[in-house]
Amino acid sequence: MAFAGYFSRMTSTTSSLANAESSRNHTVTLWTLVALIIGSTVGSGIFSLPQNIASVAGPGAMLIGWLIAGVGMLSVAFVFQYLAHRKPHLDSGVYSYARAGLGDFIGFTAGWGYWIGSVIAQVGYATLFFNTVGHYVPLFDADHRWASAIAVSVMSWAIFAVLARGIKQAAVMNMVTSIAKIVPILAFMVFIAFLGFSWDKFTFDFWGEDSGSTVFEQIQGIMLYTVWVFIGVEGASVYSKQARSRNDVGRATVIGFFSVLALLVSVSTLSFGVLSQAELAALPDNSMASVLEAVVGPWGAAFISIGLCLSVLGAYVSWQMLCAEPIVMMAIDGLLPRKIGTINVAGAPWVAQLISTSVIQVFIIVFFLNETSYNAMVQLATIMYLLPYIFTSLYLLLLGIRGKGLSHPHAGVKFDLSGPEISKRENRRHIVIGAIAFVYSLWLIYAADLVYVLLGVLAVIPGLIPYVGTRLYKKERVFNAFEWCVVAIVFIGAIAAIWGLSTGSLAL
């Protein structure tokens, strides 16, 4: 997972009105779009991928899992591309399609889920960063968790202080972190392929029988990890208006997607040719470094670790700036108190950044008190990210079936049939892609561990307070009949989560 895809979405959103005219200039080339997708998607997740995959699956199940993830995530990427083409006026962030199609509350839930997922991802980034540093600096090793917690807290508030002044990440940092993560990955692939890969080791226990899990159970287990490393793959769709050719967006999506897929499959496959599944599963979070160390020695681990630290640190700074944007957009659109969208004289949304940093601090305390692993943070964050994927896919499916979205009387969005003409052939293709992406997203929820699903539902509850308060203040109906049903399901899931946590049957 990486920050650039979301950065692109939010940058496009917040500047869309001011740059309406300039957006008509079709200047973005095919290969710029391809680079955007690769930079958006390849992030910190790939560095922990060998251990993540091996903890739940053998080589055979892994390859099947990647095939399923490839079809599903490519469909999700095309969903965003098709909607950007059909509804270019919907540019208020990741939740705008869900809001337009299913009403304010579903749109809010999608936006809230993306925000909470981003906050949790922040703590996950920091955990991976200090776990890697702790391998070389004993102060931050596993025996000194509070030292890491304090360091993460200080870093988060220091970044907030900088961002509140309107100072944003320099372009040079983007370049450095991009090179820092791609070069070690390519070097890893070359060294393992030519010096360390053993076909006999790769095929030994190919179907993971020693793990005691069926192939189906293993495939289920890796699903959320594959989503985590693919988040941001829809990055090119947000630049469809600036592309030299609309066809370039589709070509870039395919080229970029399969380039990223090749990197991910190569890293996870080559690792199984160096160490057994059990050995990989026992590695620390920065497992790519440990795999290379097994082939070339300690310098290989240090090389990968430096790349990971630079990449994760850059992502941490950017995501702390950008994870505030979903609630800023919802405040601007009237789904949250407008005060949250306040911009100071330096041009920074300091209220939203303050709220986001405060919630990051809460999660730091909760996760470190519970000794929550990086893997658990990844899976919980991914569950939250799935909300906009599910609703957005459903919206495209509805558009294809009905020729229009579901307009809701209090959605705050008057349904607009404007946009380019869609041929029957195109519409049929949109229906197929929307259906695949929707079913795939639901399958991911089914495949997830129940504890993360219930905790994800519980994380929606706090958002109801400002949402309901805002609607009452505006004297608008809070929920319609359909939304009341959704709220009831949310509360049932939240009660189950609270009961499980209190009895000890659920734990992070």
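Student: Why is Ile255 called partly exposed?

Tutor: In this predicted model, Ile255 has a relative accessible area of 30%, and since buried means under 20%, exposed over 50% and partly exposed in between (1.4 Å probe, protein chains only), Ile255 counts as partly exposed. Residues are numbered from 1 along each chain as its sequence is written, and side-chain values use heavy atoms, with hydrogens and water left out. Because the model is predicted, local features need pLDDT of at least 70 and side-chain atom pairs count only at pLDDT 80 or more, whereas totals for chains, interfaces and linings use all residues.

Student: What does Ile255 touch, not counting residues up to four places away in sequence?

Tutor: Ile255, which lies in helix α11 (residues 246-272), touches Trp31 and Val34, where contact means heavy atoms within 4.5 Å. Helices such as this are DSSP runs (H or I, at least four residues), numbered from the N terminus.

Student: What makes α4 oblique to α10?

Tutor: Helix α4 (residues 59-86) and helix α10 (residues 215-228) pack at an angle of about 45°, with their axes 9 Å apart. Angles under 35 degrees count as roughly parallel, over 145 as roughly antiparallel, 65 to 115 as roughly perpendicular and the rest as oblique, so α4 is oblique to α10. The axes are lines fitted to C-alpha atoms over the stretch in contact, and the angles run from 0 to 180 degrees between N-to-C directions.

Student: Why is the pair of Trp157 and Phe160 called edge-to-face?

Tutor: A search of the whole structure finds 26 aromatic pairs. The rings of Trp157 and Phe160 have their centres 5.7 Å apart and their planes at 85°; rings of Phe, Tyr and Trp (its six-membered ring) pair if their centres lie within 6.5 Å, and planes under 30 degrees apart count as stacked, over 60 as edge-to-face and the rest as tilted, so this pair is edge-to-face.

Student: How do you know whether Phe160 is buried or exposed?

Tutor: The relative accessible area of Phe160 is 14%, so Phe160 is buried, whereas Trp157, at 31% relative accessibility, counts as partly exposed.

Student: What kind of aromatic pair do Phe363 and Phe367 form?

Tutor: Phe363 and Phe367 form a tilted pair, with 5.4 Å centre to centre and 35° between the planes. Because Phe363 and Phe367 are four residues apart in helix α16 (residues 350-369), they are separated by about one helical turn, and both Phe363 and Phe367 are buried.

Notes:
Helix = DSSP H or I, 4+ residues; strand = E, 2+ residues; numbered from the N terminus.
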